[in-house]
Amino acid sequence: MSQEISNLGEMEGEVYWPAPEVTAAAHVKEYEALYKQSLEDPEGFWAERAEELEWYEKWDEVLDDSDAPFFKWFVGGKTNIVHNALDRHLTTYRRNKLALIWIGEPGEHRTFSYFALNRNVSRFANVLKSMGVKKGDIVTIYLPRIPEQMFAMLACAKIGAAHSVVYGGFSVESLAERVEDAQSHVLITADGGWLRGKIVPLKDIADEAMARQPTIESCIVVRRTCQDVYMEPGRDYWYDDLVGLPIANTKCATEPMDAEDTLFVLYTSGTTGRPKGVVHTHGGYMVFTHTTLKYVFDIRDEDRWWCAADPGWITGHSYIVYGPLLLGATSFMYEGAPNYPYPNRWWQMIEKYGISILYTAPTAIRGLMRFGEAWPNRHDLSSLRLLGTVGEPINPEAWRWYHTVIGKERCPIMDTWWQTETGGFMITPLPITPLKPGSATRPFFGIEADVVDDDGQPVKEDEEGYLVIKTPWPGMLRTVYKDPDRYREQYWDKFETMYQTGDSARKDKDGYLWIIGRMDDVIKVSGYRLGTAEVESALVSHPDVSEAAAIGLPHELKGNAIHAYAILRDGLEGSDALAEELRNHVGHEIGPIAKPETITFVDTLPKTRSGKIMRRLLKARALGLPEGDISTLED
């Protein structure tokens with residue numbers, strides 16, 4: 001059982017030590033020496049990790065930094081991520097191992113061995129080739145969380161085409177914008193998808209998007225919900241019909257790719273401007289996702305890994321599709337919502353399918369925490385040995401609930417910080433790392449992270465500043481698609497030689513990093529910088545509050561004042577007295593300067609479909625300003 005230690009020994013604060021049996025079995029037994037080596041000889045470190053994978057031709061140079069910040073990795077190397085994710089497993093015992101267990105929201109169950117997954121990918125690849133898709137094209141994928149989403153991504157990569165996955169719930173405008181930027185000729189969608197017992201009308205949305213963007217010549221439609229949809233003759237084709245044709249052979253050669261060839265373009269929204277297409281490549285991304293997943297989540301052959309994200313986001317790209325397959329792991333995928341039809345849906349599946357590692361977002365944890373301990377306590381969760389979080393800083397209160405109620409104090413929590421742009425984990429614990437609730441802990445191997453001021457100088461201990469990365473890494477984005485100037489301006493202009501993450505953070509005396517939030521989520525009150533995440537954590541630490549959001553609004557005296565929104569636990573109602581109690585609670589937790597000016601009780605908060613609270617939307621509404629791009633809004 002993990003031992004909690006407060007203010008004891010050399011480490012400060014609330015510390016949870018992984019159990020000896022966890023550390024003894026971990027791939028990495030010691031952090032400091034290997035981390036030091038990875039910074040002193042990064043090329044040697046990453047070359048050694050790349051040797052664990054197969055290459056058609058070995059690289060001439062590990063890192064080419066001659067045109068920084070347009071770095072290139074494994075220059076001259078020839079590979080294909082699908083060769084390592086599928087082909088090489090087919091000649092080993094993994095040929096008949098389960099690659100994917102899939103559960104539909106209504107309850108369907110489908111499984112695929114590595115052999116069966118390869119057959120489906122090859123069929124799909126041959127269908128795409130018959131439609132004229134060739135090396136270098138970009139295919140847009142707009143599907144629900146179903147196995148065909150994985151087939152489609154891998155099929156594109158197998159034949160050398162890039163994929164642009166658009167989350168299966170984005171609006172017409174979002175889909176049309178992404179199709180236009182990618183200039184896709186082929187769109188892959190479904191008649192619909194299931195979410196909370198209702199059909200998401202994907203084909204209808206796709207039809208409207210295609211009407212706006214006539215670049216699409218062929219649309220492949222997967223039957224999922226079986227309702228009637230419009231099928232335009234000569235453009236729209238049923239997937240089931242196509243894979244039944246002789247063209248859909250189960251054998252398809254994997255296209256050798258240059259390490260720097262584009263694997264995918266994934267669009268990410270900013271607070272302003274059009275979505276930017278983040279470009280990732282076959283070689284470096286492959287090495288980085290393989291290494292990060294292996295070391296951080298200690299994946300073993302007997303594991304059943306569940307990354308509860310969607311392949312439409314980078315988390316799903318890296319840790320549902322590519323990373324687990326590179327490691328020959330068994331992945332679990334579930335189509336629907338965590339609390340549908342009841343709040344025990346996740347815990348029921350963990351028990352039934354023997355899930356050993358669960359990786360999810362703090363927003364999901366907080367949402368399920370709201371229903372109390374009785375739901376998870378009805379189920380045997382003893383198969384779990386590691387837990388993880390992604391997407392935003394996790395409130396210490398939610399961390400403790402996750403650790404105690406779900407992990408039964410046995411399972412270390414890998415609280416990972418990374419971005420669409422980074423390709424994989426950047427700041428993260430390992431199973432051997434002492435944990436502090438709310439901290440992403442230390443940088444991954446080869447990653448030199450720091451917290452700096454406006455001039456790029458390191459700030460003092462526990463002082464907030466800009467989170468930067470000082471060294472290139474294999475999984476980094478190569479550019480913004482068709483817009484290298486935007487890439488340079490957004491990520492490199494401010495500090496020139498350091499990658500600007502756009503996040504604020506602080507570093508404690510133990511070198512642990514605490515992510516505060518986006519720089520635009522930092523509120524300056526009377527000259528003091530306060531992170532929205534800090535205020536929200538303070539509110540959620542109150543027993544009546546389930547979830548919270550904080551924003552800064554202009555104030556005549558303070559410059560900015562904090563305004564908070566709170567969702568109460570089931571059965572509770574807001575009142576002026578409770579609002580005052582919460583204001584005082586925040587003042588007690590952080591200090592009087594952090595007391596919210598107002599607290600508004602709400603039933604929901606505006607979130608992106610990846611679970612991040614859209615604070616800028618709350619701010620715009622409070623100020624009566626235009627709401628800007630809301631294409632990522634969940635509801």
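This section describes the aromatic pairs, the charges placed over rings and the cysteines of a predicted model.

A pair of aromatic rings is described by the distance of the centres and the angle of the planes. In this model the count of aromatic pairs comes to 41. In one of them, the ring centres of Phe112 and Phe151 are 5.3 Å apart and the planes stand at 85°, so the pair is classed as edge-to-face, given that an angle over 60 degrees is required for that class. Because Phe112 belongs to strand S7 (residues 109–113) and Phe151 to helix H6 (residues 147–158), the pair ties together parts that are 39 residues apart in sequence. Both partners are buried, Phe112 having a relative accessibility of 7% and Phe151 a relative accessible area of 0%. Elsewhere, ring pairs join Tyr31, Tyr35, Phe45, Trp46, Phe288, Tyr295, Phe444 and Phe445 into a cluster.

Charged side chains are also found over aromatic rings. Arg110 lies over the face of Trp102, at 5.7 Å from the ring centre, while the charged end of Lys436 is placed over the ring of Tyr512, 4.8 Å from its centre.

With regard to the cysteines, the count of disulfides is zero. For Cys219, which takes part in no disulfide, the nearest cysteine sulfur is that of Cys156, 13 Å away, and Cys219 is itself buried, at 0% relative accessibility. Cys411 is likewise in no disulfide, the nearest cysteine sulfur being that of Cys307 at 17 Å; Cys411 is buried, with a relative accessible area of 0%.

Key
Residues are numbered from 1 along each chain as its sequence is written. This is a predicted model: local features need pLDDT of at least 70, side-chain atom pairs count only at pLDDT 80 or more; totals for chains, interfaces and linings use all residues. Side-chain values use heavy atoms; hydrogens and water are left out. Rings of Phe, Tyr and Trp (its six-membered ring) pair if their centres lie within 6.5 Å; planes under 30 degrees apart count as stacked, over 60 as edge-to-face and the rest as tilted. Helices (H or I, at least four residues) and strands (E, at least two) are DSSP runs, numbered from the N terminus. Buried means under 20% relative accessible area, exposed over 50%, partly exposed in between (1.4 Å probe, protein chains only). A charge sits over a ring if NZ of Lys or CZ of Arg is within 6 Å of the ring centre and within 35 degrees of the ring normal. A disulfide is a pair of cysteine sulfur atoms within 2.5 Å.
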